[in-house]
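Hi,

Here is the structure I promised to pass on. My notes on salt bridges and surface follow below it.

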Amino acid sequence: MTSPEPADGHGGRRPARIHRRLVTWMLVAVGVAILLLGVPLAVTARQWIYGQELSALHSEAQSVVDVLDDQRAGGQLGAWVDVVAITLDARVSVLDTNGRVFRDSSGVAPGTVFNDPVVTAVRDDSRGTGDARLGAGVMVAAVSGEIDGTPVIVRLARTDEHAAARVGTALLAISGLGVAALVVAAAIASWRAGELAEPLEALA
């Protein structure tokens, strides 16, 4: 009568278990590496995209000052502000140097004071470089300038939907690269585990 082969022999379960453990350890190591690289990359991508969008909004605010001054808006300031707001798909506010409204495309009454951190930063900035910030899903930029000889602050506000969509696309791309790397790592791990398991199986 032939006795059954031991479960831990070369043809039994232990070699397969060693192979599986090696593959698992390799994949865990690769997964941790992907996370350590992917999370900072995602954060950096988000900051870069929002930085780009805020910089573009700041440039648009400066352009609005130039356009309104070139048109010598004067008594037609309200009409020009509305036209610019529609063209840029943004809320446009023209304020005096104390932050009081001359004209606002959303209908805020003249004389209303903007207690806005961005406007405050522009009022306090002697260099006149302006400011741009993100808050509560809205991007805001403001610059100082002159319209027909009158010192003003022009404030632009726009939702961050476009920036958020760009961030989402970037995160999907990063996630896709991570999944692809994990698939490739699984194939390599399976191949290398077979080679590494041989000496261990011989000792088993």
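Which side chain does Asp-131 meet in a salt bridge? The partner is Arg-133, at 2.6 Å from N to O. By salt bridge I mean a side-chain nitrogen of Lys or Arg within 4 Å of a carboxyl oxygen of Asp or Glu. Asp-131 is buried at 17% relative accessibility, while Arg-133 is partly exposed at 38%. The cut-offs are under 20% relative accessible area for buried, over 50% for exposed, and partly exposed in between (1.4 Å probe, protein chains only).

Some housekeeping: this is a predicted model, where local features need pLDDT of at least 70 and side-chain atom pairs count only at pLDDT 80 or more, while totals for chains, interfaces and linings use all residues. Residues are numbered from 1 along each chain as its sequence is written, and side-chain values use heavy atoms, leaving out hydrogens and water.

The structure has seven salt bridges in total. One of them pairs Glu-60 with Arg-158, with the closest N and O atoms 2.6 Å apart. Glu-60 sits in helix α1 and Arg-158 in strand β5 (residues 150–159), so this pair ties together parts 98 residues apart in sequence. Helices (H or I, at least four residues) and strands (E, at least two) are DSSP runs, numbered from the N terminus. Arg-158 is buried at 18% relative accessible area, and Glu-60 is partly exposed at 23%.

Asp-104 and Arg-91 form another salt bridge, at 3.1 Å between the closest N and O atoms. Asp-104 belongs to strand β2 (residues 101–104) and Arg-91 to strand β1 (residues 91–95). Asp-104 is buried, at 2% relative accessible area.

Cheers
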